[in-house]
Every structure is written in structure tokens, then in C-alpha cells.
Amino acid sequence: MKLLNVYRSEPSDDTKKLVEIVSEGRDVESFNLNVESPDYDALLDKVFTVDQTICWW
Amino acid sequence: MAKSLGIFVTSPQNMRHVMGITKAAKAKGSKVKVFFSWYGVHLTKCKEFPALCELADDVSICVDSYKNAGYDPADIPQGLEAKKMATQSQHGEIIEDYECYLTL
Amino acid sequence: MSKKVGFLLVNKEYTLDGIRSTLGLAVENMYSYAYVMNNELAELSDYHKENIEWVRDMEGEVYTTVDANVEKHGMVKITLEEIGKQLRDLEIIIPYGILRSDKS
């Protein structure tokens, strides 16, 4: 199971906890959208290869 | 091979991401559907919204959300087809018919 | 096979509409769950009460981390850790709307 965690803003403590539980034992990647110029092309390369993407707040 | 992509938009803050991801996905040859619900419908008033409607394969909004956000359902956002003032079933279509799913 | 989806609702300006979206996918034949986290809801209209009941009728559920929502609105109590465990079994996870920094 390949999982991609995408962050739209700085994760809260609760978000971090959920990410930790959901990610445990899985093949996990992450991507931070909360930057000035996100590399959307690189994001999609990841989205297209994982089994599930979660866009956290 | 690019996969098809559905984007469910509920935040009024992410138009740059909606546009950026849609542009990048179309450049890769993906089919893209975007559905705006709740306060996400405020983004229909962004100047980029008509361009998004041109770029994506399918753009729709939740008409109940649009009304509840204070807009007149007769005031169809520029670029949107009238029949795309729709219901939550659009969200179901994204999940059932598209290979990848994003929430913004 | 029916998909399993979960809406994470952390902002009370978005929660009731998130429950409406939860119902929207339940009627599309999905197992649809709402998780109301860290926000207490005021009195609900009959319309919103019915939405919660319909989610249940369609084999979904509305969970909450907030005791007051259990007492006032009959939502099912859940902890953050339990939400995390349930999310592991869902195909679609929807962090809905925008995050609040406070925990009202």
C-alpha cells in the first residue's frame, strides 16, 4: 500500500497524529503544497503512482 | 500513462492549487474533473475560474452550496455551463469514475 | 464493491455542510462516515438532524470527539486514535474545508 500525504497548510498536532496512525507500516511519501511555488508536475508524478492520496488541510 | 484525476474543492483558499494542478494534469494528458462544494463555490468568482472551465474536461458546482453561500442560482458563474450547477452526485462521479482523487 | 469514504470535519463553519456531503455519498451507495473533531455544534435544525439520521439509515455514521455533540445530538463518541485506525480502512479520506487553529 503506497500512501501520499499532501499538506495544504502547516499540520496541527491532531493532523500529525492522524498521519502517524494512517501511515504506520505503509510505503509513505509526502508533498508540501504550502510553499510559494509548488511543483505541481512533481506532485502529479507521485499522485499517479500511489494507491491513495490524502490532502490534509 | 497519465491517470484521470478528480478534484473535490471545499476550501475557498486554494484556487492557485486548483489551477496549477489542473494545468499540470492536462499537460500530462489526464482527464480532469473538478467539483466545487460549500465555501469552495466562492472560487467561482475568481478571475481564473472561466479559464479553469476551459482547461478542465468537466467543472461543476453544488448549486445548494452556491445558494447557501449567498449567491443567486440564476447568476451562473462565467465559463460554467448551466447544467453544471449540480448536486453532490458530482462528487460521487469523481470517486467512481476517476482513477485519482484530491481534496483541495 | 461500495467504496468507503470518511469526511474529517474540524471547523464548525464547515461541519454541517460536511455532514450533508457525507449523506450525498451515502446515497451514491458508498459507506460514508463523518468525523466531527474539536468543534461543538449548536442546536440543529430538523433538516440537519434528518441528514444525520439518513447517514445512519444508509449504513454510515456520524462520529465526534466532542462530548457535547454526543449528549446534544446523539453522535457516536470516538477518540482521535480510533479515527486514525478507522481511516486506515477507508479508500477516500476527505479533510474537509479549512483548519481552525483554535479548538472551540
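Reply: A polar contact is a pair of N or O atoms within 3.5 Å; within protein, one must be able to donate a hydrogen and the other to accept it, and residues adjacent in sequence count only if both atoms are side-chain atoms. This is a predicted model, in which local features need pLDDT of at least 70, side-chain atom pairs count only at pLDDT 80 or more, and totals for chains, interfaces and linings use all residues. Residues are numbered from 1 along each chain as its sequence is written, chains are lettered from A in the order in which they are written, and side-chain values use heavy atoms, without hydrogens and water.

Me: How many residue pairs are in polar contact across the interface of chain B and chain A?

Reply: The rule finds seven, with both residues at pLDDT 80 or more.

Me: How many salt bridges does the rule find there?

Reply: A salt bridge is a side-chain nitrogen of Lys or Arg within 4 Å of a carboxyl oxygen of Asp or Glu. The rule finds two across the interface of chain B and chain A. One of them joins the side chains of A:Asp45 and B:Lys28, at 2.5 Å, N to O.

Me: What is the order of the strands in the open sheet of chain C?

Reply: Strands of a sheet pair through backbone hydrogen bonds, either parallel or antiparallel. Strands (E, at least two residues) are DSSP runs numbered from the N terminus, and two of them pair if DSSP finds at least two bridges between them. In chain C the order is E4-E3-E2-E1-E5, with parallel pairing. The edge strands, E4 (76-77) and E5 (92-95) of chain C, each pair on one side only.

Terms used. Helix = DSSP H or I, 4+ residues; strand = E, 2+ residues; numbered from the N terminus.
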